Amino acid sequence: MKKGIAELIGTYILVFVGTGAAVLGGGASGIVGTTGIALAFGLTIIAAAYSIGTISGAHLNPAVSIAMWLNKRITTTELFYYIAGQIVGAFAASLSLAGILDSAGKGVDNLGQNTFEMGVGGALAVEIILTFIFVLVIMTVTSPSKGNSRLAGIVIGLTLTLVHFVGVPLTGMSANPARSLAPAFLVGGQALDQVWVFVVAPIVGGIIAALVAKYLLETEDLDTIEV
């Protein structure tokens, strides 16, 4: 339960700061731009890693938690608490952003939701590939045998920044089902119609990354926890 609460707090910060920067900065073409949005998400991961990460590891992302569960780094019970915390945190963040925008007299039809104009196959490919890169780095840098716990937060945050440079212009960049679900449900429309892509693709990318990390990079110890 404590880890779930930590994930709730961390995901709240991630979604509030990341989508907040995107919305208030005018999106990729605004004053913040793609680089600013990428840094907002990446720096938030770094901050979370060295705060709530001391409790839960700062997954802040169902795709990451599923990958960790698949490689037996967390139990099935923990997976439930992690994902529940992440989804609640994301919705709380989007609701907070909507409330702030409303109080400032701004529209609430843009909460940083993910949408795409390209074909569905292309969007799926983008999100699978970028999530694969992101989660593969996570699985490696946090590996008990091959990782570096002191630098993990920085490496993971910079990797999230990296994938945003490609993802923002194409899909708005998700790689995180919780981050996409909350604004899509609150805004509706095209974002809600397309949200399944931002749930399915990151999970697929994360699973592939977990398997590559385990069987090719040999990141997992033999004495991992039992599910």
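**Notebook: aromatic pairs and helices**

I looked up the aromatic pairs and found 4 of them in the structure. Rings of Phe, Tyr and Trp (its six-membered ring) pair if their centres lie within 6.5 Å; planes under 30 degrees apart count as stacked, over 60 as edge-to-face, and the rest as tilted.

Phe-91 is in helix H5 (residues 76–103) and Phe-185 in helix H8 (residues 177–187), so the pair ties together parts 94 residues apart in sequence. Helices here are DSSP runs of H or I with at least four residues, and strands are runs of E with at least two, numbered from the N terminus.

The model is predicted: local features need pLDDT of at least 70, side-chain atom pairs count only at pLDDT 80 or more, and totals for chains, interfaces and linings use all residues. Residues are numbered from 1 along each chain as its sequence is written, and side-chain values use heavy atoms, with hydrogens and water left out.

Next I asked: are Phe-91 and Phe-185 buried, partly exposed or exposed? Phe-91 is partly exposed at 25% relative accessible area, and Phe-185 is partly exposed at 49%. Buried means under 20%, exposed over 50%, and partly exposed in between (1.4 Å probe, protein chains only).

I then checked residues 79–100, one of the stretches that UniProt, in an unreviewed entry, lists as "transmembrane region"; such annotations may be inferred rather than shown by experiment. The chain there is 100% helix and 0% strand, with end C-alpha atoms 32 Å apart.
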